[in-house]
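Welcome! Take a moment to turn the model around on your screen, then read on for a short tour.

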Amino acid sequence: IQAHNMIFLNAHDENDEVFFLDHILHEGAHVIFNTLTYDSKIELFTVPFKTNLATITKDASDHGELYGRFHGMFTQSNINPCVETCIDKKVFTGKQHHELLGRFSSNMKRFKSGIEKFNIPELYNDEGKKWYTFFSKRYDDLYNRNSELINSFDVSNQPYVFSYEIFKEGNK
């Protein structure tokens, strides 16, 4: 968030096009949301935007600041439609297609978790309500089109950073 209009990629030799698709969309979405809310972030919430999320949710395991975590829903609202398009257009085949399906399922379940966690109407000022409504509608639209696909995979064992190796073991 502090390095405006830049993305930083954490890549390894084994990363391929599917990894970069997901990673660039994710990091790029952070830059976009930061730019879109640069002046308005102080107006999103009824509490300071740097408030620890755990203070809001009363869950000590919720790490990070409110604004930073709110970013997550914007990243998901951008990643998932792009991944959906790649799936629909059969851009990838074989292992890469399988990985893309896993990433989509994992991302959508993460998106749902964010929508549920941030479903706190009293948390938002008008600007924040507009963003939350956008995120929620985007999730609903994507889920309604893809619920069978999303629910056909087990991604419950995924770490924070998606692992195809773990995914393929439980989703052959």
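Which helix supplies the largest share of the lining of the largest pocket? Helix 4 does, with 11 residues. Keep in mind as you explore that this is a predicted model.

**The largest pocket**
- The largest pocket has a volume of about 1300 Å³.
- Its lining is made up of 43 residues, and the closest to the pocket centre are Arg110, Pro159, Tyr160, Val161 and Phe162.
- Helix 1, helix 3, helix 4 and helix 6 each give at least two residues to this lining.

- Nonpolar side chains tend to be buried together in soluble globular proteins.
- Here, the largest nonpolar core holds 38 residues, and Phe45, Phe70, Met73, Phe111, Phe118 and Phe135 have the most contacts inside it.
- At least two residues of this core come from each of helix 1, helix 3, helix 4, helix 5 and helix 6 (164–170).
- Helix 3 gives the largest share of the core, nine residues.
- Beyond its neighbours within four places in sequence, Phe45 touches Leu66, Tyr67, Phe70, Leu123, Tyr124 and Asn125.

**A look at helix 1**
- Helix 1 covers residues 17–36, and its 20 residues should span 28 Å at 1.5 Å a residue; the end C-alpha atoms are 28 Å apart, which agrees.
- At the start of helix 1, the backbone nitrogen of Val18 lies within 3.1 Å of a side-chain oxygen of Asp16.
- Val18 is also one of the buried residues of helix 1, which include Phe19, His23 and Phe33.
- Among the elements covering these buried residues are helix 3 (66–88), helix 4 (94–117) and helix 5 (126–151).

Note on methods: Residues numbered from 1 in each chain as written. Predicted model: local features only at pLDDT ≥ 70, side-chain atom pairs only at ≥ 80, totals over all residues. Heavy atoms only, no water. Helix = DSSP H or I, 4+ residues; strand = E, 2+ residues; numbered from the N terminus. Expected span 1.5 Å × (residues − 1). Buried < 20%, exposed > 50% of the residue type's maximum accessible area, 1.4 Å probe, protein only. Contact = heavy atoms within 4.5 Å. Polar contact = N/O pair within 3.5 Å; in protein donor to acceptor, adjacent residues only side chain to side chain. Core = buried A, V, L, I, M, F, W, Y, C linked by side-chain atoms within 4.5 Å. 1 Å grid on protein atoms, 1.4 Å probe; cavity = no way out; pocket = protein on both sides within 12 Å on 5 of 7 lines; lining within 4 Å. Points joined across faces, edges and corners; volume = space filled by probe spheres on them.
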